Amino acid sequence: MADLPFKAFDADNHYYEATDAFIRHIDPAMNKRCMQWATIDGKERLLVAGKVNRFIPNPTFDPVSKPGALQDFFRGRNKDGVDVKTMFGELDPISERPEYRDRDKRLELMDAQNIEAALFFPTLGVGMEQSLRHDPPAVVAAFTAFNRWLAEDWGFAYQERIFAAPVISMIDVDWAVSEVEWALANDARMVVMVPGPVPTPDGGDRSPGMPHYDPVWARIAEAGITVGMHGGDGGLHDYNERWEPTADFQSFRTSTFKQITGHDRQIFDTMAALVCHGLYDRHPNLRIACIENGGMFAPRLVEELKIAYGKMPQEFRTDPVEQFVNHVWVSPYYEDDIDLIKETMGADHMLFGSDYPHAEGLEVPTDFIYDIPNFTDAEAKAMMRDNAWDVITPRSALAA
């Protein structure tokens, strides 16, 4: 473990959801339209809207992968072409890893890892909206139940160290506003959304930056909390189907085409939409933290925004590059060109995230320091601690 002269703030930690995360508090009248468990061929399967859901191959998380098992794959070091399933290696019974589901056990682990605090995000929860998009009331019921479970099992600011983010879907604006209100009343410091267009009741999609969603953004901006845009199923497989046959979104199942073309498309397009559709002009106190989306989209987006501004300055109320770099924080992957991202965003708008305890994350979170050898001591401390504390602290609208 890296010997840091400070305790780190990890901006990307995960829990593994309890099997009743979507069920414990569900409205009984909505149960069959949302999540259920079924035993099929001797295995526990998650049914979403009555259909087997494959977003997570093993949604019981029993057994579960070891942290960092896929580091060589994601660093591009799979020279022997070993398949991902084999690279997972030996799995752990979930009963042997209580820290994945118990917040007090997790705090003990964080102490051992030299982690002062962490943002906590769903593992399963970021893949559920698309499976229910045809039924907006079911989306509302499912995430209402999920967020109550999250508050109960993890809390939103537990001992001022574990900051779990409740999930907000824009599919129902009135519900989203009320859910943000509920989250604020329960001390949430961040809410989480999945990047991508918002499903609409007619089966279409709409940019989350459109004025239609302003009631939600306005309440978030007024409260001064940050929105975590965490990677998940944002419906990109519909795009991929235009190029090659595909099935439902599945974690760790991909093709070379999807790997190359879809690596950052979802977050790139979402961040572009928020600027181009004027969100930050209308809500200048908004802050967005891009978590587990990588950071290589940022230099490309800045270049495209510069070009668009040069061609169509009349279409932007203010400089779009300044909008992006002022309102957005980026948590890069360890395999990214992190120095390039720093040139684009500045060290003060970067966040360290280990993705612990996921297989694609770091086995030892603070070893991220070895991936930023060209950062000064002050820049490293800002990225690995101070910036996250700033992001998690509500900001007065007067400071925007």
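**Aromatic contacts in a predicted model**

**View 1. An aromatic cluster of seven named residues.** Tyr15, Phe22, Phe120, Phe143, Phe146, Trp149 and Trp154 come together as one aromatic cluster. The structure, a predicted model in which local features need pLDDT of at least 70 and side-chain atom pairs count only at pLDDT 80 or more, while totals for chains, interfaces and linings use all residues, holds 17 aromatic pairs, a pair being two rings of Phe, Tyr or Trp (its six-membered ring) with centres within 6.5 Å. Residues are numbered from 1 along each chain as its sequence is written, and side-chain values use heavy atoms, with hydrogens and water left out.

**View 2. The pair of Phe22 and Phe143.** The ring centres of Phe22 and Phe143 are 5.8 Å apart and the planes stand at 75 degrees, so the pair is edge-to-face (planes over 60 degrees apart; under 30 counts as stacked and the rest as tilted). Because Phe22 lies in the loop between strand S1 (8-14) and strand S2 (35-40) and Phe143 in helix H4 (residues 136-153), the pair ties together parts 121 residues apart in sequence; helices (H or I, at least four residues) and strands (E, at least two) are DSSP runs, numbered from the N terminus. Both Phe22 and Phe143 are buried, meaning under 20% relative accessible area (1.4 Å probe, protein chains only).

**View 3. The pair of Phe22 and Phe146.** With centres 4.7 Å apart and planes at 35 degrees, the rings of Phe22 and Phe146 form a tilted pair. This pair links the loop between S1 and S2 with helix H4, 124 residues apart, and both Phe22 and Phe146 are buried.

**View 4. Arginines over ring faces.** Arg103 lies over the face of Tyr158, at 3.9 Å from the ring centre, and Arg148 over the face of Trp182, at 3.7 Å; the criterion is NZ of Lys or CZ of Arg within 6 Å of the ring centre and within 35 degrees of the ring normal.

Terms used
Buried < 20%, exposed > 50% of the residue type's maximum accessible area, 1.4 Å probe, protein only.
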